[in-house]
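Student: I'm new to this one and would like to learn how to read it. Could you walk me through it step by step?

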Amino acid sequence: MAKRKRLGPAVITGQGGDAALTQTLETQTPPIARVAGEAAAEAAVRELSDELANALAEGRMVQDIALDDIDEMHLSRDRIVAVASELEALIASIQARGQQMPIEVVDLGADQNPRYGLISGWRRLTALKALRQRTNAPQFETVRAVLRQPQGAADAYLSMVEENELRVGLSYYERAQVAARASDFDVFDGSADAVQALFPTASKAKRSKINAFVRVFRVLDPVLKFPDTIPERLGLRIAKALDAGQGGLLYDGLREVPSDTPADEHARLEKLLGLKTGSKDTNRVAQASFPGDVSLTRSRGTLKLSGAGVDATLERELTDWLRERQKDR
């Protein structure tokens, strides 16, 4: 005798039919299986949420950040200026194709305003700000960025330098500038240590040249208008002249006759160097003045500092500079 097929409860179609069917299916689902399924779904959502959070924190995911939420001066930038033609080309590229490469930022904390500090990508950020001002288009209100977690300020500076070295290159002066300023902010124990840490793959000779440009930066930066264009050979000659005690003479010469172009400034430097190195009167007294009411008098084998600016702070800074100079030799 054939077995009869056992039928489930009848479901009336029409109004309320879907609700009845749902109720029937839920009644037929074992409670343990239902609870297990819900727990598995919650675990999957939680795992996905954690993975997304980790991806953002570890810099594996690009996110959009408002331009005004980024502090572009979080680090002292290594690029002195953006060449106008290059920046316009970048602006045109972003306007036509969008931002192709994300910038790098560090989260300064929810209580900070701006919340994010720029590590690398200053030119892209500058281009986007220019586009926002020119177009008022909503797509230029944010920048694509990845979040980095540098192990301290030294790591952040290294990331900035590495990107610019790879993408656009840095002049010797720009390398020297970032090393000197990072040292001034106590990120490193002196500019020589900064050069070693920021340019670890550079040869000993190249690091020596960067250290020479650090000396140029320390003395002449206030009066140089086109410092990033100084050629290597000219920069080394300037550093040698500074070591010979001619800093005040170069400083005054540049201040008295400002240059309009890089070529003019180079010619002026060459002239000043030629006058001093070719002078027959090496015993004459030379005087120079510096900002902060500091005067320098040089005579044969003697340097004298005077003025209200000659205080304990200047003495300490001068002592530190002399020690750094000794390390570089």
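Tutor: Let's start with a term: buried means under 20% relative accessible area, exposed means over 50%, and partly exposed is in between (1.4 Å probe, protein chains only). By that scale Arg255 is partly exposed, with a relative accessible area of 41%. Bear in mind that this is a predicted model, where local features need pLDDT of at least 70, side-chain atom pairs count only at pLDDT 80 or more, and totals for chains, interfaces and linings use all residues. Residues are numbered from 1 along each chain as its sequence is written, and side-chain values use heavy atoms, with hydrogens and water left out.

Student: What percentage of the protein's residues count as buried?

Tutor: Of the 329 residues, 36% count as buried.

Student: How many helices and strands does the protein have?

Tutor: There are 12 helices and 8 strands. These are DSSP runs, numbered from the N terminus: helices are H or I with at least four residues, and strands are E with at least two.

Student: How do I read a sheet, and in what order do the strands come here?

Tutor: The general idea is that strands of a sheet pair through backbone hydrogen bonds, either parallel or antiparallel. Two strands count as paired if DSSP finds at least two bridges between them. Here 5 strands form an open sheet with mixed pairing, in the order E1-E5-E3-E4-E2. E1 and strand E2 (70-71) are the edge strands, each pairing on one side only.

Student: Which strands run parallel to E5, and which antiparallel?

Tutor: Strand E1 (residues 63-66) runs antiparallel to strand E5 (residues 142-148), and 4 bridges join them. Strand E3 (residues 103-107) pairs with E5 in the parallel sense, over 4 bridges.

Student: Let's look at one residue. What stands opposite Ala66 in E5?

Tutor: Thr142 does. Ala66 sits in strand E1 and counts as partly exposed, at 30% relative accessibility. Leaving out residues up to four places away in sequence, Ala66 touches Glu141 and Thr142, where a contact means heavy atoms within 4.5 Å. Ala66 and Ala145 are 79 residues apart in sequence, yet 10.0 Å apart in space, C-alpha to C-alpha.

Student: And contacts across the whole protein: what share joins residues at least 24 apart?

Tutor: Among contacts between residues at least 6 apart in sequence, that share is 66%.

Student: What about charged side chains: how many salt bridges are found?

Tutor: Side chains of opposite charge can pair when their charged atoms come close. The cut-off for a salt bridge is a side-chain nitrogen of Lys or Arg within 4 Å of a carboxyl oxygen of Asp or Glu. A search of the whole structure finds 9 of them. One of them joins Glu88 and Arg134, at 2.7 Å from N to O. This pair links distant parts of the chain, with Glu88 in helix H3 (residues 84-97) and Arg134 in helix H4 (residues 122-135), 46 residues apart.

Student: Where do Glu270 and Arg237 lie?

Tutor: Glu270 forms a salt bridge with Arg237, and their closest N and O atoms are 2.4 Å apart. Glu270 lies in helix H11 (residues 262-277) and Arg237 in helix H9 (residues 232-243), 33 residues apart. Glu270 is partly exposed at 36%, and Arg237 is partly exposed at 34%.

Student: Which helix holds both Asp252 and Arg255?

Tutor: Both lie in helix H10 (residues 247-256), 3 residues apart, about one turn of the helix. Asp252 counts as buried, at 10% relative accessibility, whereas Arg255 is partly exposed.

Student: Which residues are linked in a network of salt bridges?

Tutor: Asp68, Arg132 and Glu141 are.

Student: Last one: which residues of H6 meet H7?

Tutor: Val178, Ala179, Ala180 and Ser183 in H6 meet Ser191, Ala194, Val195 and Leu198 in H7.
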